[in-house]
Amino acid sequence: MQNVILIGFMACGKSTLGKKLANKLNFEFIDTDKEIEKNENCSVTEIFEKFGENHFRELEKKLLVSLQDKQNCIISTGGGLPCFNENMTLLNQIGTTFYIKLNPIELTKRILNAKTIRPLAKDKTQDELYTFVKELLSKREEFYSKSKFTLSGKEQNVKFIESILF
Ligand code: S3P
């Protein structure tokens, strides 16, 4: 079967849902941030600090190209990946894309409560973070909305995705 690709803003739950889906379908699970960290032997935060965001975006593109021949994988993408270097076109060729859509209030709460450090969102007060999320999300919607399916809150579960796939 073709791959399943989960897309959405940082902290929307792509990896959690992706792992559950991979378990259920017995598919390989690939998290693009984790793959880049493994390949570079360096955390995403360190890559941003040492080499800058543009370099990270190049690594994302390189990884995506290397995933083209994969099959039966659940791929969870970094929040910015679909929005650079025409990646959305390639994502739609590699698999069935699902946009996990959450609103800026929910996303802000989840980013604040998360253990993962997100270089673009760190060192911000709650108000600053909300404004940042709202503005960046409104720019990124254009790319996310090119996904084949958009999942709203109640649809963001394994059962619903399975019902679409099979
Ligand atoms: C980013 C999201 C992060 C990670 C990097 C940049 C973004 O992934 O790729 O910090 O630009 O939105 P998550 O979506 O898993 O947080």
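**Close-ups of helix pairs and a ligand site**

**View 1. Helix α3 meets helix α4.** Helix α3, covering residues 44–51, packs against α4 at an angle of about 130 degrees, and the two axes sit 7 Å apart. That angle makes α3 oblique to α4. Keep in mind that this is a predicted model. On the α3 side, look for Val44, Ile47, Phe48 and Phe51. They meet Glu53, His55, Phe56, Arg57 and Leu59 in α4. Sorted by class, this α3–α4 contact has 6 nonpolar, 1 polar and 2 charged residues.

**View 2. Helix α4 again, now with helix α5.** Here α4 (residues 53–66) pairs up with α5 (residues 87–94). Their axes come within 10 Å and cross at roughly 25 degrees. Angles under 35 degrees count as roughly parallel, so that is the label for α4 and α5. The crossing of α4 past α5 is left-handed. From α4, the residues making the contact are Lys61, Leu64 and Val65. Their partners in α5 are Asn87, Leu90, Leu91 and Ile94. Count them by class and the contact of α4 with α5 comes out as 5 nonpolar, 1 polar and 1 charged residues.

**View 3. Helix α6 crosses helix α7.** How far apart are the axes of α6 and α7? They are 9 Å apart, with α6 (residues 104–113) and α7 (residues 126–144) packing at an angle of about 125 degrees. The two helices are therefore oblique to each other. This time the crossing, α6 past α7, is right-handed. By class, the α6–α7 contact has 9 nonpolar, 2 polar and 1 charged residues.

**View 4. The residues around the ligand.** Which residues are closest to the ligand? Of the 14 residues that surround the ligand, the closest are Lys14, Asp33, Arg57, Arg118 and Arg140.

View 5. Gly79 and Gly80 both bring in backbone atoms here. A polar backbone atom of Gly79 is 2.8 Å from an oxygen atom of the ligand. For Gly80, the distance between a polar backbone atom and a ligand oxygen atom is 3.3 Å.

Definitions and conventions
Residues are numbered from 1 along each chain as its sequence is written. This is a predicted model: local features need pLDDT of at least 70, side-chain atom pairs count only at pLDDT 80 or more; totals for chains, interfaces and linings use all residues. Side-chain values use heavy atoms; hydrogens and water are left out. Axes are lines fitted to C-alpha atoms, for helices over the stretch in contact, and angles run from 0 to 180 degrees between N-to-C directions. Helices (H or I, at least four residues) and strands (E, at least two) are DSSP runs, numbered from the N terminus. Angles under 35 degrees count as roughly parallel, over 145 as roughly antiparallel, 65 to 115 as roughly perpendicular and the rest as oblique. A crossing is left-handed if the near helix is turned anticlockwise from the far one by less than a right angle, and right-handed if clockwise. Ala, Val, Leu, Ile, Met, Phe, Trp, Tyr, Cys and Pro count as nonpolar, Asp, Glu, Lys and Arg as charged, and the others, Gly among them, as polar. A residue is near a molecule or strand if one of its heavy atoms lies within 4 Å of it. A polar contact is a pair of N or O atoms within 3.5 Å; within protein, one must be able to donate a hydrogen and the other to accept it, and residues adjacent in sequence count only if both atoms are side-chain atoms. Contact means heavy atoms within 4.5 Å.
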